[in-house]
Amino acid sequence: MTAPDTAATESTALLALDVGNTRLKWALYEAPAPGARLLAHGVQFLENIETLAEGDWRPLRAPRWVLGSIVAGAGVRHRVEEQLELWDAPVQWVVPGNAEAGLINGYDHPARLGPDRWVAMIGARQRLLARGEPRPCVVVMVGTAVTVEAIDAEGRFLGGIILPGHGIMLRALESGTAGLHVPTGEVRAFPTNTSDALTSGGTFAIAGAVQRMVDNLRAHTGHEPVCLMTGGAGWKMAPHMTVPFELVEGLIFDGLLAIARNRFGAASPAWATADVRP
Ligand SMILES: Nc1ncnc2c1ncn2[C@@H]1O[C@H](COP(=O)(O)OP(=O)(O)O)[C@@H](O)[C@H]1O
Ligand SMILES: CC(C)(COP(=O)(O)O)[C@@H](O)C(=O)NCCC(=O)O
Ligand SMILES: [K+]
């Protein structure tokens, strides 16, 4: 199956956005469907958003659709939308609903769940279904904050936890005490200086929280969960986890592609939607 050259005529490209509390991640795909070819991608700290339209985005093929997850505030959203005026495509920001792309939302108020959490879980679920493994799943996202979600084998999001990320934990301790202004340390089983004690404390807090959620989900479902970890600081946690896990880049982008297929797939040529999975 070969894709026709659409560059000169009608674009079917999708720009996917993941705007966190620290950085904006973006990826341009040839079509709105899982497995679509990645044309370009990048990342900017929120303070550099203003450079996008004149910089990274300037040479891109114009997207026909823009789909994003944003957890930063209204001010940041406005600044991103200003950059998007480079193209005609209107932006759709994902708002978690009761169900989408094979996932059922168990949050008390579904729309109050962070869209990044929802989209990453959809990505995780799609990934498990694609490899024929509809098992219970724990989704760990290590960004500014850390989130740890539980999904059962039927695709129901049961609930999840939020804890501070490495940076926030350190800053909280620094600002709440007199004697904890020290450089970053190493992770040690038995730290013997302040730097190592702080770095190890944060890392073990996250690793322990994940282990606890895996235990909770195993007890609830009676089956061994799969654990998928993603996020900008996932690599920092990887050497220190106490449960089996897979480090997967771009779970949020997998989720955005799955949502995009449902929302925009019908409007694209057949080749873009041929890769339809449950
Ligand atoms: N090169 C890097 N630049 C910035 N942050 C990094 C880098 N490598 C790891 N990090 C960590 O990743 C976190 C940001 O991850 P990211 O997934 O972009 O967060 P968010 O989605 O909340 O914006 C930072 O808090 C930092 O701890
Ligand atoms: C928990 C979060 C702050 C994580 O943000 P991030 O670390 O990705 O920047 C975000 O998902 C959020 O603002 N959630 C809304 C509250 C909730 O999910 O219950
Ligand atoms: K995030």
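## Two domains

The protein chain splits into domain 1 (14-95 + 267-273) and domain 2 (135-247), with bounds that come from an automatic or database domain assignment. The C-alpha centres of domain 1 and domain 2 sit 28 Å apart.

Keep in mind that this is a predicted model, where local features need pLDDT of at least 70, side-chain atom pairs count only at pLDDT 80 or more, and totals for chains, interfaces and linings use all residues. Residues are numbered from 1 along each chain as its sequence is written, while chains are lettered from A and ligands numbered from 1 in the order in which they are written.

## Around ligand 1

Let's start with ligand 1. Its shell is made of Gly20, Asn21, Thr22, Arg23, Gly143, Thr144, Gly165, His166, Gly167, Gly231, Gly232 and Ala233; a residue is near a molecule or strand if its C-beta atom, placed from the backbone, lies within 6 Å of it. By residue type, that gives 1 nonpolar, 10 polar and 1 charged. For this sorting, Ala, Val, Leu, Ile, Met, Phe, Trp, Tyr, Cys and Pro count as nonpolar, Asp, Glu, Lys and Arg as charged, and the others, Gly among them, as polar.

Where does ligand 1 lie relative to domain 1 and domain 2? Both domains give residues to its shell, so ligand 1 lies between them.

## Around ligand 2

Ligand 2 has 13 residues around it, and the closest are Gly20, Asn21, Gly114, Gly143 and Ala145. This shell divides into 4 nonpolar, 6 polar and 3 charged residues. Domain 1 and domain 2 each put in at least three residues.

In terms of secondary structure, helix H2 (115-130) and strand E9 (145-151) each supply at least two residues of the ligand 2 shell. Helices (H or I, at least four residues) and strands (E, at least two) are DSSP runs, numbered from the N terminus.

## A binding site that gathers

An unreviewed UniProt entry puts a "binding site" at Asp18, Val19, Gly20, Asn21, Thr22, Arg23, Leu24, Lys25 and Thr144. These residues span 127 residues in sequence, yet no two of their C-alpha atoms are more than 13.4 Å apart, so they gather at one spot. UniProt positions are given in the numbering used here, feature names are shortened, and annotations may be inferred rather than shown by experiment.

Two of these residues are worth a look. Asn21 sits in the loop between strand E1 (14-19) and strand E2 (23-29) and is partly exposed, with 16 other C-beta atoms within 10 Å. Leaving out residues up to four places away in sequence, Asn21 touches Val71, Ala72 and Thr144; contact here means C-beta atoms, placed from the backbone, within 7 Å. Lys25 is in strand E2 and counts as buried, with 20 C-beta neighbours inside 10 Å. With residues up to four places away in sequence again left out, Lys25 touches Asp18 and Val43. As for the burial labels, a residue is buried if 20 or more other C-beta atoms lie within 10 Å of its own, exposed if 12 or fewer, and partly exposed in between, with C-beta atoms placed from the backbone.

Another "binding site" annotation from an unreviewed UniProt entry covers Tyr107, Gly114, Pro115, Asp116, Arg117 and Thr194. Here the residues span 88 residues in sequence and the farthest two C-alpha atoms are 38.8 Å apart, so they do not all gather at one spot.

Arg117 belongs to helix H2 and is buried, with 24 other C-beta atoms within 10 Å. Beyond its neighbours within four places in sequence, Arg117 contacts Met141, Thr147, Glu149 and Gly160. Thr194 is in helix H4 (residues 194-221) and is partly exposed, with 14 other C-beta atoms within 10 Å. With neighbours within four places in sequence set aside, Thr194 contacts Leu180 and Val182.

## The nonpolar core

Which residues touch the most other members of the largest nonpolar core? They are Ala16, Val138 and Val139, out of 61 residues in that core. Helix H6 (residues 251-264) gives the most to this core, with 9 residues, and domain 1 and domain 2 each contribute at least three. A nonpolar core is a set of buried Ala, Val, Leu, Ile, Met, Phe, Trp, Tyr and Cys residues joined through C-beta atoms within 7 Å.

Not counting residues up to four places away in sequence, Val139 touches Ala120, Met121, Ala124, Glu149, Ile151 and Leu228.

Definitions and conventions: Contact = placed C-beta atoms within 7 Å.
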